[in-house]
Amino acid sequence: MATKKATKKSATKKVVAKKTAAVKASARAVQEPKPTAERKVSVSYEREAFTDVATLRANARKNVDKGAVTDSYGADRKLVIELLNEALATEWVCVLRYMRHYFTASGMLADAVKAEFLEHAKQEQAHADKIAERIVQLGGEPDLNPATLTERSHAEYKEGANLKDMVKENLIAERIAIDSYREMINYIGDRDTTTKRMLMAILAQEEEHADEFADLLNGWIGS
Ligand SMILES: [Fe+2]
Ligand SMILES: [Fe+2]
């Protein structure tokens with residue numbers, strides 16, 4: 001009787017072990033698909049799209065004086081620097097216009113609006129700094145010559161006759177900046193993703209600025 005029981009137990013153990021092995025094998029099959037001929041081809045094709053380490057190292061050493069600009073830079077570097085310098089001039093003219101409005105604004109709503117002018121001036125200044133930094137990274141020189149700033153800027157330096165006029169002039173300047181940044185982003189595309197990302201972040205803030213002034217003008221009471 002005892003022997004019969006032992007034999008049955010060992011048979012059950014064997015069945016369980018067999019089943020477990022089968023389950024493990026099928027799980028492994030899901031995790032590690034057999035490399036088919038098709039898969040092998042696609043993996044090696046994708047691998048070939050990357051530059052090999054030796055070439056990467058040699059290229060990096062070749063033009064070390066170019067700093068962050070490597071042979072794989074896809075845009076027209078001179079044109080990008082030219083466009084960025086126009087944007088830089090625009091930002092500086094905007095800083096100066098906002099500061100002029102901040103110091104001269106008067107009237108019932110002046111305090112609230114002045115705070116907006118000052119905040120925008122600081123943000124335009126931050127945009128200018130980012131743009132100047134990128135120009136240098138691309139091997140160019142930021143043009144900050146005050147003698148030619150207004151003629152190189154897209155937006156104008158308008159003093160504004162009164163508070164409402166100042167808000168309107170700033171809205172117009174923001175709308176100019178929005179259009180010119182959008183054009184630059186569309187031109188640069190994916191050929192210089194660092195510049196593109198920077199311009200996209202600036203554009204988003206210019207849209208916020210324009211939106212704030214549009215709201216202010218919509219709810220304006222009085223002249
Ligand atoms: Fe700006
Ligand atoms: Fe702005």
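Which helix holds lysine 122? Lysine 122 is found in helix α5.

## Model and confidence

This is a predicted model. The average pLDDT of the protein is 85, and 80% of the residues score at least 70.

## Overall fold

The protein has 8 helices and 0 strands. Read from the N terminus, the order of elements is α-α-α-α-α-α-α-α.

Of the 223 residues in the protein, 20% are buried. When contacts between residues at least 6 apart in sequence are considered, 74% of them join residues at least 24 apart.

## Nonpolar core

The largest nonpolar core has 29 residues, and the members that touch the most other members are Leu84, Leu88, Ile131 and Ile135. Two or more residues of this core come from each of α4, α5 (110-137), α7 (163-188) and α8 (193-218). Helix α4 gives the largest share, 10 residues. In soluble globular proteins, nonpolar side chains tend to be buried together.

What does leucine 88 touch, once residues up to four places away in sequence are not counted? Its partners are Ala128, Ile131, Ala132, Ile135, Pro142 and Asp143. Two of these partners, Ile131 and Ile135, are themselves listed with Leu88 among the core residues that touch the most other members.

## Helices α7 and α8

Helix α7 has 26 residues, and its first and last C-alpha atoms are 37 Å apart, close to the 38 Å expected at 1.5 Å a residue. Its buried residues are Leu163, Met166, Val167, Glu169, Asn170, Ala173, Glu174, Ala177, Tyr181 and Ile188. The cover over these buried residues includes α4, α5 and α8. Just after α7, glycine 189 takes a positive phi of about 50°.

Helix α8 has 26 residues, which at 1.5 Å a residue should span 38 Å; the C-alpha atoms at its ends are 37 Å apart, so the two values agree. Which residues of α8 are buried? They are Thr195, Leu199, Ile202, Glu206, His209 and Phe213. The elements that cover them include α4, α5 and α7.

Alanine 110 lies in helix α5. Is alanine 110 buried, exposed or partly exposed? There are 15 other C-beta atoms within 10 Å of alanine 110. A residue needs 20 or more to be buried and 12 or fewer to be exposed, so alanine 110 is partly exposed. Leaving aside neighbours within four places in sequence, alanine 110 is in contact with Ala105 and Leu163. Leu163 is also one of the buried residues of α7. Lysine 164 is 54 residues from alanine 110 in sequence, yet the two are 9.7 Å apart in space, C-alpha to C-alpha.

Lysine 122, also in helix α5, counts as partly exposed because it has 13 C-beta neighbours inside 10 Å. Tyrosine 98 is 24 residues away from lysine 122 in sequence, and their C-alpha atoms are 9.1 Å apart in space.

Definitions and conventions: Residues numbered from 1 in each chain as written. Chains lettered and ligands numbered in written order. pLDDT = per-residue confidence, 0-100. Helix = DSSP H or I, 4+ residues; strand = E, 2+ residues; numbered from the N terminus. Contact = placed C-beta atoms within 7 Å. Core = buried A, V, L, I, M, F, W, Y, C linked by C-beta atoms within 7 Å. Expected span 1.5 Å × (residues − 1).
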